[in-house]
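Biologist: Could you walk me through how two parts of this protein meet, and what each term stands on?

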Amino acid sequence: MQNEPSAATPGTSEADRARLVELKAFQSAGRGFWSNVSDADWSDWRWQLKHRITTPEQLGRLMPTLTPGEFGGAKLANHKLALAITPYFFNLIDPADENCPIRRQVIPRVEETHTAPWEMSDPCGEDSHSPVPGLVHRYPDRVLFLVTDRCAAYCRYCTRSRLVSNATGYDFHPEFDKQIAYIAAHPEIRDVLLSGGDPLLFSDDKLEHLLARLRAIPHVEFVRIGTRIPIFLPQRLTVELCAMLRKYHPLFLSVHSNHPRELTTEVRAALERLADAGIPLGNQSVLLRHVNDDPVIAKAHLQKLLLCRVRPYYLYQCDLIAGSAHLRASVREGLEIMEQLRGHTTGYAVPTFVIDAPGGGGKVPVSPDYLINRSSDRVLIRNYEGKLFEYPEAGDGTPLFEAPRAIEEPELA
Ligand SMILES: *Cc1c(COP(=O)(O)O)cnc(C)c1O
Ligand code: SF4
């Protein structure tokens, strides 16, 4: 066997290496259509929110290449999951490319109205695991705390679209008093994950008030925030917000980013402000058809996250949310991507691939098989190159005398 990876391995050819470099380059989102707006307004997160694109007509004006399927999707969006895109994020769309990975994530398509029999409005069974509204207690020692139904922009595959943006009339009104009382009454809860909707849409004061109340509960050791604001609205990550957040350590933050083009110079600066405030940053991606279902794009994205001081955490198989078939890639493709990562690139860049079990079983890790066989006295494993190795199993603490031996001798460099 050759040490040189075969030419068929994605991500290793000359052309793939050139693509990797191009995908990892940092660029500004630019001003695009909004060149007359003052710098102060453009970098003001409230201005960005106020000027979001929310109607099919606005979309059509800004993007003459809007397809009839997208226009139709946008028209129906307000009954399903609202349409909203910040001007900043809109500038990342390539209007010439119908399958632009940014466009697919935020511009509705008429396919969203097609629902397969196995698709659901609450694919992870969150409502049935909620002891009080807006609090999901599925795991023994931690809870998911939904604080709002609003986001800076809306992802067309959102697993919580039943309540997020309130397009379906779910009328989500979390009552913090009840949620906090439940946590205070359950000493086994040591970890609180704030999500929604997007917690960073709150004002600094409102968010601080919530964090202070959680920190006042002695058994809450660990708090984290799940957010896509650094990607949709990096202007929100002000120096003041970061200074407030750092008072509530240990505080972790999980960013949601899916494609290397989302990591602009603006996003990198925002993530650096968070990292400089001592906030460990993770990333959660969703595996999406024609967005990041390509090993070269996935690798570029994960490596670029490390450049932004973000540690990839989870790669999610897309949940069976109603109307998401056109955006779901297969588990097989996810496994192929994982196969192309482990061993081939920095271990810190490799997320855990998980399927959130339909109906409410929680996150289940899925991985290529590296453990080929296991018996009471040995395990047979393979490495990232497909070479086999044998490891003698420790027999109930009794050391074995046989030394570890490679079944197929590795080539020495
Ligand atoms: C994802 C999730 C968590 C956090 O899980 P970790 O594996 O600890 O990141 C907690 N509660 C719910 C309901 C979740 O969906
Ligand atoms: S940011 Fe998160 S909660 Fe909001 S629409 Fe996207 S996936 Fe859903």
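**Where domain 1 meets domain 2**

Modeller: Between domain 1 and domain 2 there are 24 residue pairs in polar contact, both residues at pLDDT 80 or more. This is a predicted model: local features need pLDDT of at least 70, side-chain atom pairs count only at pLDDT 80 or more, and totals for chains, interfaces and linings use all residues. Side-chain values use heavy atoms, with hydrogens and water left out.

Biologist: What makes a pair a polar contact?

Modeller: A pair of N or O atoms within 3.5 Å; within protein, one must be able to donate a hydrogen and the other to accept it, and residues adjacent in sequence count only if both atoms are side-chain atoms.

Biologist: Why is the meeting of the E112 and R156 side chains called a salt bridge?

Modeller: The rule wants a side-chain nitrogen of Lys or Arg within 4 Å of a carboxyl oxygen of Asp or Glu. E112 and R156 come to 2.8 Å, N to O, so the pair qualifies. The count between the two domains is two salt bridges.

Biologist: Where do the domain bounds come from?

Modeller: From an automatic or database domain assignment, which gives domain 1 (14-113), domain 2 (127-365) and domain 3 (371-407).

Biologist: How many residues of domain 1 are in contact with domain 2?

Modeller: 46, against 52 residues of domain 2, where contact is heavy atoms within 4.5 Å.

Biologist: And what is buried there?

Modeller: About 4,000 Å², 60% of it on carbon and sulfur atoms; that's the accessible area (1.4 Å probe) lost on putting the two parts together, summed over both. F26, W45 and Q105 supply 20% of the area that domain 1 buries against domain 2, more than any other three residues.

Terms used. Residues are numbered from 1 along each chain as its sequence is written. Chains are lettered from A and ligands numbered from 1 in the order in which they are written.
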